[in-house]
Amino acid sequence: DFSTVPGAFGEVLLDVAAVDSGGTDNGGIDATVRELRLEVINVNRPPEFVVARSVELLEARGVFTQSFPHLLNVSGGLREDQEVTFEILSVEDAVGIFLNVTDPYSPSGVRPGVSLGGDRTLDITLVPYANGVGRVTLAARDAFGTAYGGVNGTAPFTVDVVVLPVNDPPTASIHPGIFAVEDAGEVR
């Protein structure tokens with residue numbers, strides 16, 4: 001019996017001896033030694049990273065795009081230098097905070113204003129004057145495969161995008177000039 005050290009892999013050569021109790025009288029041989037090569041195979045583990053589970057933004061007065069460059073910080077996995085890609089699995093936007101943008105690759109020609117940018121950023125485009133909570137579900141995958149029971153992807157994880165309301169200044173429409181006739185009485 002033997003146990004491996006978690007995260008350790010490599011090769012070791014062992015001398016294995018088989019011994020019986022027959023002794024060595026009259027030229028007998030009671031032991032045989034053989035070389036055994038034991039190889040512990042490197043198995044891929046899923047990417048590991050730190051992710052904010054909630055992001056808070058202030059309501060936008062115009063079309064507004066915010067990038068979160070440190071939302072998806074990869075910190076481990078099989079190798080520190082592995083290439084990890086992220087995929088948006090779904091966007092829930094019941095209250096309409098994400099601005100739909102033109103996307104020629106989408107079957108409908110548009111997609112919600114949430115996308116993955118370069119350098120592992122999550123880019124969010126907001127509808128002006130909208131507030132509420134939307135959810136973005138993502139997953140990560142690395143390039144090292146699933147051989148020997150390895151795992152190259154994460155379980156889906158959800159980021160809540162909370163858009164907080166902002167008290168906007170009051171607006172009023174006032175006609176630039178009001179004229180009244182002398183002795184007209186009440187004017188509305």
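Figure 1. Glutamate 11 counts as exposed, at 52% relative accessibility. Here buried means under 20% relative accessible area, exposed over 50%, and partly exposed in between (1.4 Å probe, protein chains only). This is a predicted model: local features need pLDDT of at least 70, side-chain atom pairs count only at pLDDT 80 or more, and totals for chains, interfaces and linings use all residues. Residues are numbered from 1 along each chain as its sequence is written, and side-chain values use heavy atoms, with hydrogens and water left out. The side chain of glutamate 11 meets that of arginine 37 in a salt bridge (2.9 Å, N to O). The pair links distant parts of the chain: glutamate 11 sits in strand S1 and arginine 37 in strand S2, 26 residues apart. A salt bridge is a side-chain nitrogen of Lys or Arg within 4 Å of a carboxyl oxygen of Asp or Glu. Arginine 37 is partly exposed, at 48% relative accessibility. Its side chain also forms a salt bridge with glutamate 39 (3.0 Å, N to O). Glutamate 39 is partly exposed, with a relative accessible area of 45%.

**Figure 2. The salt bridge between arginine 135 and aspartate 160.** The closest N and O atoms of this pair are 2.8 Å apart. The two residues link distant parts of the chain, with arginine 135 in strand S12 and aspartate 160 in strand S13, 25 residues apart. Both ends are partly exposed: arginine 135 has a relative accessible area of 35%, aspartate 160 one of 22%. The structure holds three salt bridges.

Figure 3. S1 and S2 pair in the antiparallel sense over ten bridges. Strands (E, at least two residues) are DSSP runs, numbered from the N terminus, and two of them pair if DSSP finds at least two bridges between them. Valine 12 stands opposite leucine 38 in S2. S1 lies largely in the open, because zero of its ten residues are buried. Val12, Leu14, Val16 and Leu36 make a nonpolar surface patch of about 290 Å². Patches are made of residues with over 30% relative accessible area and no salt bridge; like charges are joined within 9 Å, nonpolar side chains (Val, Leu, Ile, Met, Phe, Trp, Tyr) within 5 Å. Strand S1 (residues 10-19) gives the largest share of the patch, three residues. Leucine 36 is placed in strand S2 and is partly exposed, with a relative accessible area of 42%.

**Figure 4. Glycine 23 in the loop between S1 and S2.** Glycine 23 is placed in this loop. Its relative accessible area is 28%, so it is partly exposed. Leaving aside its neighbours within four places in sequence, glycine 23 is in contact (heavy atoms within 4.5 Å) with Gly28, Ile29 and Asp30.

Figure 5. Phi of tyrosine 129 is near 65°, a positive value in a residue other than glycine. Tyrosine 129 is found in the loop between strand S11 (121-126) and strand S12 (132-142). It is partly exposed, with a relative accessible area of 47%. Phi of aspartate 183 is near 60°, again positive in a residue other than glycine. Aspartate 183 lies in the segment after strand S13 (157-164) and is exposed, with a relative accessible area of 76%.

Note on methods. Accessible areas come from the Shrake-Rupley method with a 1.4 Å probe; for residues, only the protein chains shown count as cover. Helices (H or I, at least four residues) and strands (E, at least two) are DSSP runs, numbered from the N terminus.
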